[in-house]
Structures are given as structure tokens and as C-alpha cells.
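Here is a short briefing for your next look at this model.

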Amino acid sequence: MAKVTPELFHVLNDPKLEAVLARLYNEAVKQIWPVMWRLLPQLPKMIRGGADWDNKDNAYYEDKYIPIVPAQGAFLYMQACALKAKNIVEFGTSFGISTLYLAKAAKDNGGKVITTEYVPKKAATAQQNFDQAGLADYIQILEGDALETLKEVEGEIDLVLLDGWPDLVFEVFKLLEPKLKTGAVIMVDDVEGFTPAMQDYLDYVRSPDNGYISSVVKPDKGMEFTIKVK
Ligand SMILES: C[S@@+](CC[C@H](N)C(=O)[O-])C[C@H]1O[C@@H](n2cnc3c(N)ncnc32)[C@H](O)[C@@H]1O
């Protein structure tokens with residue numbers, strides 16, 4: 001994302017939320033080059049089939065946004081609207097960018113988002129962002145390790161976003177799996193950059209016998225995606 005412009009958020013139709021997202025993305029953009037520099041040793045691997053996640057840099061990321069990009073946010077929001085998702089769960093809040101997209105859908109659908117973040121400063125700042133966007137009533141943020149906090153999530157879950165550290169994707173998914181509704185959608189970010197770190201998850205959801213249909217989503221050219229809502 002080179003530049004943060006209002007058109008990036010038009011799908012949300014919520015000026016207060018869009019202003020908060022614009023502010024957060026402007027902060028995130030400033031971190032892109034330092035983060036890329038940090039990832040430089042892994043970049044060749046990330047481009048050629050993906051890298052492992054070795055957890056060595058976790059402390060470095062404690063003040064980094066590393067968010068989904070606005071096009072992913074719009075896609076998430078629209079998926080949640082199409083599903084009429086009410087019970088939405090997220091692993092990896094960071095400062096709350098992806099959560100805000102999901103929360104707008106939760107508000108539209110009469111539901112809620114449960115999200116979890118283990119860096120206390122991030123969780124506290126995310127909460128402020130939710131308040132500012134006017135969406136705090138639709139979000140419950142659980143501070144702590146997802147493998148503990150998400151044990152208390154109740155079914156049936158309509159939509160899951162897994163965007164914490166890639167090596168935990170399968171473990172967190174297995175924790176939530178018994179609570180997934182038939183027809184639930186599970187989305188995982190960074191699948192291409194960190195494929196080996198989540199290979200166990202990919203093998204599982206791509207084996208039809210386990211009851212899923214799964215593929216990387218990356219349309220080669222743009223398609224207008226429209227949902228009839230009224
Ligand atoms: C890629 S960022 C999430 C970005 C966020 N979804 C967004 O789009 O703005 C991953 C986040 O997951 C958090 N995280 C990693 N492992 C975790 C765990 N075991 N429990 C809770 N949070 C975790 C990290 O601290 C980090 O903030």
C-alpha cells in the first residue's frame with residue numbers, strides 16, 4: 001500500500017470508522033520499510049514458497065502494526081456481510097485494524113467479534129481505537145495467549161480470521177474447530193510468505209476428507225464483488 005486514500009475504505013460507509021482506519025494505516029505505512037529491512041534475510045525464501053516463523057523477532061514486533069491491507073479488509077468485511085456472520089473470532093489483534101473491519105460487519109449483522117492479543121500495550125491501544133471508531137460495543141478483546149484466551153469462546157462460530165504468528169495457526173484452529181458452524185469461513189493471512197510455518201494447517205484443510213474446501217484466494221485480475229443486502 002503506497003498511499004492511504006479515502007477510496008480505500010469506501011465500502012465501509014462509516015466516516016468515523018474510516019477516519020480511524022486512515023490514521024492507523026498512516027502509522028502502519030511508516031513502519032513498512034523498517035519491517036521489510038528486518039525481514040530482508042528471509043525475503044528470498046518468502047518469495048520462493050515461504051519461510052518458517054522462528055519467533056526470534058517477536059519482541060521487535062511488539063510495536064509494529066503488520067496489518068492486513070485495505071483490500072483484504074474490504075474482502076473480510078464483505079465476506080462477513082455475505083455470511084451474515086454474528087459470531088466472529090480473530091487471532092492476532094495487533095492495534096485492531098482487521099478487528100475494526102470485522103466489527104463493522106458484526107454491527108451490521110447484530111453480532112460481535114472476539115479477538116485476542118498477548119502484547120498488553122497493543123491490546124490497550126486497540127481498545128482505544130475501538131472506542132474512537134464507535135465500535136467498542138461489538139468487540140470483546142481478550143488479552144493473553146490465544147491458546148488460553150480462546151478456550152472460552154462459545155459456538156457456533158460463523159467466521160474466523162487467523163492472523164497471529166504463523167506457526168500457531170493450526171493449534172489455534174484446532175482449538176476453535178469443534179465450535180465452527182457448518183458453512184463457517186476461516187481466513188488465514190500470510191499464507192504465501194510463511195507457507196512452511198502453517199503447512200500442517202494447509203495439509204489438513206486441503207484434504208477433503210476433513211470436511212473443508214480450501215484454497216489461496218488471490219484473483220489474478222479484479223472482480224467487482226457485490227452483495228444484495230436489502
Ligand atoms: C500480524 S499481527 C496482527 C495484525 C492484525 N490482524 C491487523 O490486521 O491489524 C499478529 C499479532 O498476533 C499477536 N500474537 C502472536 N501470537 C499470539 C498469541 N499466542 N496470542 C495472542 N496474540 C498473539 C502478535 O502480538 C501480533 O500483534
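**Ligand site and aromatic cluster**

A backbone N or O atom of Gly92 lies 2.8 Å from a nitrogen atom of the ligand, a polar contact (a pair of N or O atoms within 3.5 Å; within protein, one must be able to donate a hydrogen and the other to accept it, and residues adjacent in sequence count only if both atoms are side-chain atoms). Please keep in mind that this is a predicted model, where local features need pLDDT of at least 70 and side-chain atom pairs count only at pLDDT 80 or more, while totals for chains, interfaces and linings use all residues. Residues are numbered from 1 along each chain as its sequence is written, and side-chain values use heavy atoms, with hydrogens and water left out.

**Around the ligand**

- The side chain of Glu117 has an N or O atom 2.7 Å from an oxygen atom of the ligand.
- Tyr118 brings a backbone N or O atom to 3.2 Å from a ligand nitrogen atom.
- On its own the ligand has 610 Å² of accessible area, and the protein covers 98% of that (Shrake-Rupley method, 1.4 Å probe).
- Of the 23 residues around the ligand, Gly92, Ser98, Glu117, Lys122 and Asp163 come nearest (a residue is near if one of its heavy atoms lies within 4 Å).
- Strand E1 (87-91), helix H5 (97-109) and strand E2 (112-117) each give at least two residues to this shell (helices are DSSP runs of H or I with at least four residues, strands are E runs with at least two, numbered from the N terminus).

**Aromatic pairs**

- The whole structure holds 14 aromatic pairs (rings of Phe, Tyr and Trp, the last by its six-membered ring, with centres within 6.5 Å; planes under 30 degrees apart are stacked, over 60 edge-to-face, the rest tilted).
- Tyr60 and Tyr61 pair edge-to-face, with 5.2 Å between centres and 75° between planes.
- Tyr61 and Trp165 form a tilted pair at 5.7 Å centre to centre and 55° between the planes.
- Tyr61 sits in the loop between helix H3 (43-47) and helix H4 (70-83), and Trp165 in the loop between strand E4 (157-162) and helix H8 (169-176), so their pair ties together parts 104 residues apart in sequence.
- Tyr61 is buried at 3% relative accessibility, and Trp165 is buried at 15% (buried means under 20% relative accessible area, 1.4 Å probe, protein chains only).
- Ring pairs join Trp53, Tyr60, Tyr61, Trp165 and Phe194 into a cluster.

**Charges over a ring**

- Arg38 lies over the face of Tyr60, 4.2 Å from the ring centre (NZ of Lys or CZ of Arg within 6 Å of the centre and within 35 degrees of the ring normal).
- Lys64 also lies over the face of Tyr60, at 4.0 Å from the ring centre.

Conventions: Buried means under 20% relative accessible area, exposed over 50%, partly exposed in between (1.4 Å probe, protein chains only).
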